[in-house]
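Please look through the structure below before reading on. The paragraphs after it go from the whole chain to its parts.

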Amino acid sequence: MTTVQITPAKLKGTVTIPASKSDCHRAIICATLSMGKCTISPITLSQDIEATISCVNALGAKTEVKGDTLTIDSSHLFSSGRGTFDCCESGSTLRFLIPVVSALGISGHFVGKGRLPQRPIGIYLDLLPTHGVECETEGGLPLDTKGKLQSGTYSLPGNVSSQFVTGLLLALPLLDGDSKIVLTSPLESVGYVNMTIDTMKRFGVIVEETEYGYFVKGNQHYTPHDYTVQGDWSQAAFFMVAGAFGGEITVKGIDPNSTQGDREICNLIKKFGADIEIGTDFVKVKNKGDLRGINIDASQIPDLVPVLAVCGSGAYGVTKIYNAERLRIKESDRLKTTCEAINNLGGMVAEVDDGLIVQGAGMLNGGKAEGCNDHRIVMASAVASIISRNKVTVTDAQAINKSYPNFFEDFKKLGGNVNVINNR
Ligand SMILES: O=C(O)C1=C[C@@H](OP(=O)(O)O)[C@@H](O)[C@H](O)C1
Ligand SMILES: C=C(OP(=O)(O)O)C(=O)O
């Protein structure tokens with residue numbers, strides 16, 4: 001458990017954002033399914049990416065990391081037997097791999113830690129047994145799967161987690177027959193599914209978008225491909241909000257034309273009233289006076305919510321964040337933990353069923369924010385220090401390792417004053 005204390009200071013300068021975790025998960029899985037040799041770079045070795053690498057090793061892939069390049073040789077992938085898949089705390093790893101493992105005809109023993117064993121997988125527990133795969137679980141993890149996934153029609157709601165859609169999309173092209181994914185309610189986090197389709201396309205696998213959802217032709221083959229990973233817009237958002245609070249921050253290494261839905265942070269920061277310049281691979285954010293509260297539909301951008309609530313606290317007036325129910329099933333109940341973290345720093349945030357109502361007063365007092373073992377709560381709390389009058393203590397700071405191990409290094413490079421006060 002690491003606790004840090006941050007002395008308030010405006011951040012200023014240039015930061016290069018790490019490789020996208022979401023893009024990297026997908027590339028690792030597609031490369032593994034290509035049954036050949038691929039490189040993936042640049043990669044950021046976060047705990048979630050390490051979980052996906054360890055799971056593809058359990059499928060028989062040989063992986064090697066040199067510098068920021070991951071090489072995957074999957075020419076001897078298993079096509080039967082049983083494997084243990086430790087997904088650690090990564091929802092993406094778990095939900096992407098359950099159908100993939102089953103499509104390969106491998107029996108899976110899926111385990112995880114932290115909040116992952118409780119995060120929902122019920123959609124698969126309903127769908128897999130009717131498509132050839134037995135599931136044994138007392139609700140969440142551990143989960144045991146047995147049998148080979150069959151093609152057919154997969155009907156599921158679009159508002160629980162897009163990760164179920166991604167998992168099915170990755171797996172269904174490997175099956176003998178054609179399949180349909182039928183969405184019974186509108187798809188949220190659609191940018192993540194677009195990212196999946198885009199990555200699959202680069203590995204030679206095609207998905208058709210239809211009026212009911214997606215049509216996936218069977219008997220397709222992933223072809224080996226050397227893959228370049230995009231920069232991570234979800235992580236860029238923390239430093240972009242820091243830029244909106246004063247100083248001037250240039251965030252490098254991100255593609256403004258990316259399929260990542262979280263690039264929406266550019267429009268939101270503008271609406272809050274900050275100045276933003278978008279270049280070919282960078283975004284520069286600076287403050288041009290008081291920020292003003294805005295209304296935010298979070299249905300497509302769940303990972304931005306904690307830092308947007310912090311941005312709302314540094315603005316004047318009300319910021320209303322809605323359509324964010326899904327945040328309750330992340331690494332923490334993020335509506336509750338965001339609300340508590342900001343209120344403990346003297347903010348005024350109210351939790352409602354589907355979101356947050358933030359009364360922005362331009363500043364916070366400072367104090368102690370609980371990180372709740374949630375990387376995005378820790379990073380958002382660190383950004384909150386910039387608008388605090390007094391020091392900010394953040395617990396569970398080690399949680400950044402889930403997605404952005406160098407977060408505090410980058411924070412310090414921009415002038416942040418961070419001290420570790422407890423590390424055990
Ligand atoms: O597919 C992905 O890479 C992700 C999808 C999103 O989840 P939901 O679709 O469950 O909102 C997002 O919150 C998560 O961090 C990453
Ligand atoms: C929710 C997240 O990831 P996952 O669902 O993959 O655990 C996240 O990175 O914020």
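The model is a predicted one.

Start with the chain as a whole. Along the principal axes, its C-alpha atoms fill a box of roughly 60 × 45 × 40 Å. A compact globule of 424 residues would have a radius of gyration near 22 Å, and the chain agrees with this because its own value is 21 Å. Of the 424 residues, 54% count as buried. Among the contacts with a separation of 6 or more, 74% are between residues 24 or more positions apart.

The domain assignment gives domain 1 (2-18 + 230-423) and domain 2 (21-216). On the side of domain 1 that touches domain 2 there are 5 nonpolar, 10 polar and 4 charged residues. The contact involves 19 residues of domain 1 and 21 residues of domain 2. Between the C-alpha centres of domain 1 and domain 2 the distance is 29 Å.

Now turn to the ligands.

Among the buried residues of α5 are Phe-164, Val-165 and Leu-168. Ser-162 is also found in helix α5. It counts as buried because it has 25 C-beta neighbours inside 10 Å, and 20 or more are needed for that label. Apart from neighbours within four places in sequence, Ser-162 is in contact with Leu-187, Glu-188, Ser-189, Val-190, Tyr-192 and Val-193.

Ligand 2 has its own shell, made up of Asp-48, Ser-90, Gly-91, Ser-92, Asp-303, Lys-330, Glu-331, Arg-376 and Ser-403. By class, the shell around ligand 2 has no nonpolar, 4 polar and 5 charged residues. Here, too, at least three residues come from each of domain 1 and domain 2. One residue of this shell, Lys-330, lies in the loop between β19 (316-322) and α10 (334-344). Lys-330 counts as buried because 22 other C-beta atoms are within 10 Å.

Where in the chain is Asp-303? It is in the loop between β18 (295-297) and α9 (305-313). Asp-303 counts as buried because it has 27 C-beta neighbours inside 10 Å. Leaving aside neighbours within four places in sequence, its contacts are Ser-234, Asp-262 and Arg-376.

An unreviewed entry places the feature "active site" at Asp-303. The annotation "binding site", also from an unreviewed UniProt entry, covers Lys-21, Ser-22, Arg-26, Ser-161, Ser-162, Gln-163, Ser-189, Asp-303 and Lys-330.

Technical notes. Residues are numbered from 1 along each chain as its sequence is written. Chains are lettered from A and ligands numbered from 1 in the order in which they are written. This is a predicted model: local features need pLDDT of at least 70, side-chain atom pairs count only at pLDDT 80 or more; totals for chains, interfaces and linings use all residues. UniProt positions are given in the numbering used here, feature names are shortened, and annotations may be inferred rather than shown by experiment. Helices (H or I, at least four residues) and strands (E, at least two) are DSSP runs, numbered from the N terminus. A residue is buried if 20 or more other C-beta atoms lie within 10 Å of its own, exposed if 12 or fewer, and partly exposed in between; C-beta atoms are placed from the backbone. Two residues are in contact if their C-beta atoms, placed from the backbone, lie within 7 Å. A residue is near a molecule or strand if its C-beta atom, placed from the backbone, lies within 6 Å of it. Ala, Val, Leu, Ile, Met, Phe, Trp, Tyr, Cys and Pro count as nonpolar, Asp, Glu, Lys and Arg as charged, and the others, Gly among them, as polar. Domain bounds come from an automatic or database domain assignment. The radius of gyration is taken over C-alpha atoms; the globule rule is 2.2 Å times the number of residues to the power 0.38.
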